[in-house]
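Let's take a walk through this structure together. Have a look at it first, and then we'll go through it piece by piece.

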Amino acid sequence: MPACSSAPLDRIGVGIDTARYGHRVAFLRPDRQPAAKPLTVLENQAGYQALQQRLEHLHQQHPQAHFHVRIDAAGQYAANLEHFLRGLPLPITLSIGEPKRNKDYQKAHFPKRTTDDTESQAMARFAVVELPEATLPVPPQMALLREVATRLQAQVKQSTQAVNRLHNLMARVFPELATLADDFSARWLLTLLDRYPTAQRLGAAQLRSVEQIPHLPAKLAQPLHQAAKTSVASLHGPVAETLVGELVTQVCHCLAHEAKLRQLLQDAFTALPPSGHVQVHTIPGIGLATAAVLVAKVIDIDRFVSPEHLVAYFGVFPEENSSGVDKQGRPLPPGTMCMSHKGNDLVRGYLWNAARSAIKHNPAVRALYQRLRAKGKRGDVAMGHCMRKLLHLVYAVWKTNRPFDGQHFPWEQPKDTPPATPTSGTAGQPAGNEEAVGHTQAVPAEPVVTTATAKVEDGTTPVNPPDAPARPRVDYAFVRQQITLARVLDHLGVLDALSGCGQQRRGPCPLHGQTGPKSRTFSAHLGKNIFQCFAADCAAHGNVLDLWAAVQGLPLYEAALHLAETFGLRRNREEEPVKGTR
């Protein structure tokens, strides 16, 4: 290891890789050489004192140096460490989180090693070279809300597991029950199984007794009783009754504990200091518990520069899933889409239920749902778009700190109603901005505007518009196979500006045009044909087609056509290469 220089430093990068029982800390100078030996900090008073002594010693050696600390937080393991570092009387800029970005950065600089030392060194390098912005401290009330939300999320998983175990057991005790009841956590069903654990017991009971089960749908009493009499169950008797009774007790206990945590979450939400987050509850369809869960995971709406970033954070967007076969054994066709599995499970579950309520009571979401269903979209697909719409509304009301106003835009205006005219201002001039927040009537593929001047364009839609020319079919994967990232970068004139040898290159980002001492934010792997920008205000990443779309400012489809024409590529496997280049 090179010897540490005694020359004064203006900054020192401190990288911390966190773990349950201890943390690994690395110290780097601006020239990427060690400023001190690595340190293992145990999760106790002695470990924290050792870290404080090391930082104070460095501060005495370099009084002008500013500590840039980057913590690769794993779960909640960094909570105590963060609280400790914020209380030190030292010049510190603390940056926490972004595990995906941290992992990509570590892979870019240490592609062949993954250890505590390499991860802490990567964080120290990121801190001293990239100089990330400071992470704002979380207020104590918000920290409490997040703690309750985390516990609620764990409890929801436990409840789901208990219900699944009960469902699995009933497949042998009373298999016909699953065809008559969808929700095995329903109160009436749990009461039914508590009284009559097996099909044999239920079939021997009087129908009148079955009908007296609280909240049991009247139309199900007779079918349940008849199915129990003719059940093909293979498991019955005292042992089966005991197993079912224990699982029913577990499910009831989990649901009761979940309800208690939900109440604690709502209490913690109402105790937060007043800010724009209180407006989330004004959106029809979003109840107090849903608002609390959203706020606990979002923390600060200013973390997201647009509604699309908020949508992506919770994974409410489609992804292609054409791998495998369907139930009939047929290969899934190319372009088969499903909702992404990214994002927080607790938020997605609450958003789904909020969307179910919003399609009845929220004019913006109700109109969107009706339009999508009228176009032939499946119900679950339409619900996914409604979840996305709710996140756009959350972003709008929280960002502007204004309540939702269902009358701000004629969401459900009949088709035969003429366009509205401005109610204020001179003729032909738009009216002034209103106090309430509204949006343009959004199609899910378009960005939503938060507050905008009301303006209605004149014009009518032709009754029989001429047929639009057929758009050429584009096989995106096939287009990417014909072009390399190196060729595109060379065409853009940035390949020579990238440094490095082999497949991995670093240099200035061609997307946001950053220059200066922090101009090495762009990383490209010429073998895998992928790129990543580590600048916080850019964060672009993807394949060669994503890069071309970002550089040209085009949608993906138009970018594929433009790329094929520029380099003379085939847009799909059936056609000839596109003639001519731009």
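What percentage of the contacts in the chain with a separation of 6 or more comes from residues 24 or more positions apart? Those residues account for 61% of such contacts, where a contact means heavy atoms within 4.5 Å. Before going on, keep in mind that this is a predicted model, in which local features need pLDDT of at least 70 and side-chain atom pairs count only at pLDDT 80 or more, while totals for chains, interfaces and linings use all residues. Residues are numbered from 1 along each chain as its sequence is written, and side-chain values use heavy atoms, with hydrogens and water left out.

Now for the overall picture. The chain has 20 helices and eleven strands; these are DSSP runs numbered from the N terminus, with helices being H or I of at least four residues and strands being E of at least two. Of its 582 residues, 41% count as buried. Here buried means under 20% relative accessible area, exposed means over 50%, and partly exposed is in between (1.4 Å probe, protein chains only). The chain exposes about 31600 Å², and carbon and sulfur atoms supply 53% of that. Such areas come from the Shrake-Rupley method with a 1.4 Å probe, and for residues only the protein chains shown count as cover.

Let's go inside. In soluble globular proteins, nonpolar side chains tend to be buried together. A nonpolar core is a set of buried Ala, Val, Leu, Ile, Met, Phe, Trp, Tyr and Cys residues joined through side-chain atoms within 4.5 Å. The largest one here has 51 residues, and L145, I286, L310 and L390 touch the most other members. Elements giving two or more residues to this core include α5 (140–173), α11 (238–270) and α16 (379–400). The largest share, eleven residues, comes from α16. A second, separate core of 35 residues includes L192, I213, L224 and L247.

Ten of its eleven residues are buried, so α12 is largely enclosed by the rest of the structure. A289, A292 and K297 are among the buried ones. The cover over them includes α5, α11, α13, α14 and α16. Just after α12, I299 takes a positive phi of about 70°. Over in α13 you'll find Y313, which counts as partly exposed because its relative accessibility is 37%. Beyond its neighbours within four places in sequence, Y313 is in contact with K297, R303, F304 and G343. Y313 and G343 are 30 residues apart along the chain, yet their C-alpha atoms are separated by 6.1 Å.

Next, the strands. Two strands pair if DSSP finds at least two bridges between them. β2 (residues 22–28) and β3 (residues 34–42) run antiparallel and are joined by six bridges, with H23 opposite V41 in β3. They form a hairpin with five residues between them, and R32 in the turn has a positive phi of about 70°. Further along, β9 (residues 522–525) pairs antiparallel with β8 (residues 504–507) over four bridges, and with β10 (residues 530–533) over four bridges as well. In β9, F522 and A524 point one way while S523 and H525 point the other, and all are buried.

Finally, look at the charges. A salt bridge is a side-chain nitrogen of Lys or Arg within 4 Å of a carboxyl oxygen of Asp or Glu, and the count comes to eleven. D117 and R24 make one of them, at 2.6 Å from N to O. This pair links distant parts of the chain, with D117 in helix α4 and R24 in strand β2, 93 residues apart. R201 and E241 form another, at 3.2 Å; R201 lies in helix α8 (residues 199–204) and E241 in helix α11, so the pair ties together parts that are 40 residues apart in sequence.
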